Amino acid sequence: MIELLQGFLLLAGSFFMLIAALGIVRLPDLLTRMHASTKGASLGVMLLMAGVALHFLEEVVFARTIAITFFVLMTAPVAAHAIGRAGYFVGIELWKGTVKDELRPNYNPLSHRLHSGLKKTARGQEAGKSHAHDSQKGED
């Protein structure tokens, strides 16, 4: 019975990795390719590592598969975000079917600065932010 579960996990992980690879080849622009590769590969690695852990059933292998899965889940989205942002900043064209570009109003291509979009108050602080010394003014 455990062999069936191992086989299912390994095949499912391989399937998601294949779908991620097809997404990289078939999708139209950098951002959608990054989305496919990050989501598909992360889920594929999780399933593959679960299958490996079930196959060996040893504490050392289990600990390593957990560490590998944790590492991939922590680094893949951050790396995809950094690469996607860099691609956007160097001017990679978005797909013609892109409906909304949320960075456009906040990005200055001349200075390469990305503004948060939060309004500044009269005192120069961002709206919605408060400092500890502001709340203690009337307490003296």
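Phe15 sits in helix α1, which spans residues 2–26; helices here are DSSP runs of H or I with at least four residues, strands are runs of E with at least two, and both are numbered from the N terminus. This is a predicted model, where local features need pLDDT of at least 70, side-chain atom pairs count only at pLDDT 80 or more, and totals for chains, interfaces and linings use all residues. Residues are numbered from 1 along each chain as its sequence is written, and side-chain values use heavy atoms, with hydrogens and water left out.

With a relative accessible area of 46%, Phe15 is partly exposed, a class that lies between buried (under 20%) and exposed (over 50%), with a 1.4 Å probe and protein chains only. Together with Leu18, Ile19 and Leu22, Phe15 makes a nonpolar surface patch of about 370 Å². Such a patch takes residues with over 30% relative accessible area and no salt bridge, and joins nonpolar side chains (Val, Leu, Ile, Met, Phe, Trp, Tyr) within 5 Å and like charges within 9 Å. A salt bridge is a side-chain nitrogen of Lys or Arg within 4 Å of a carboxyl oxygen of Asp or Glu.

## The chain as a whole

The chain holds 4 helices and 2 strands, in the order α-α-α-β-β-α along the sequence. Of its 140 residues, 21% are buried.

## The largest cavity

On a 1 Å grid over the protein atoms alone, a cavity is a set of points where a 1.4 Å probe fits but cannot get out, and lining residues have an atom within 4 Å of a point. The count comes to 1 cavity of 30 Å³ or more, and the largest cavity has about 40 Å³ of space.

Its lining includes Asp29, Leu30, Gly84 and Tyr88. Helices α2 (30–56) and α3 (59–89) each supply at least two lining residues, and α3 gives the most, with 3. By class, the lining has 5 nonpolar, 2 polar and 2 charged residues.

## The largest pocket

A pocket is an open set of points with protein on both sides within 12 Å along at least five of seven lines. The largest pocket has about 520 Å³ of space. Of the 21 residues that line the largest pocket, Leu31, Thr32, His81, Gly84 and Leu103 are the closest to its centre.

Here too, α2 and α3 each supply at least two lining residues. The lining of the largest pocket divides into 9 nonpolar, 6 polar and 6 charged residues.

Notes:
Areas by Shrake-Rupley, 256 points an atom, 1.4 Å probe, with all protein chains shown as cover. Points joined across faces, edges and corners; volume = space filled by probe spheres on them. Nonpolar A, V, L, I, M, F, W, Y, C, P; charged D, E, K, R; others polar.
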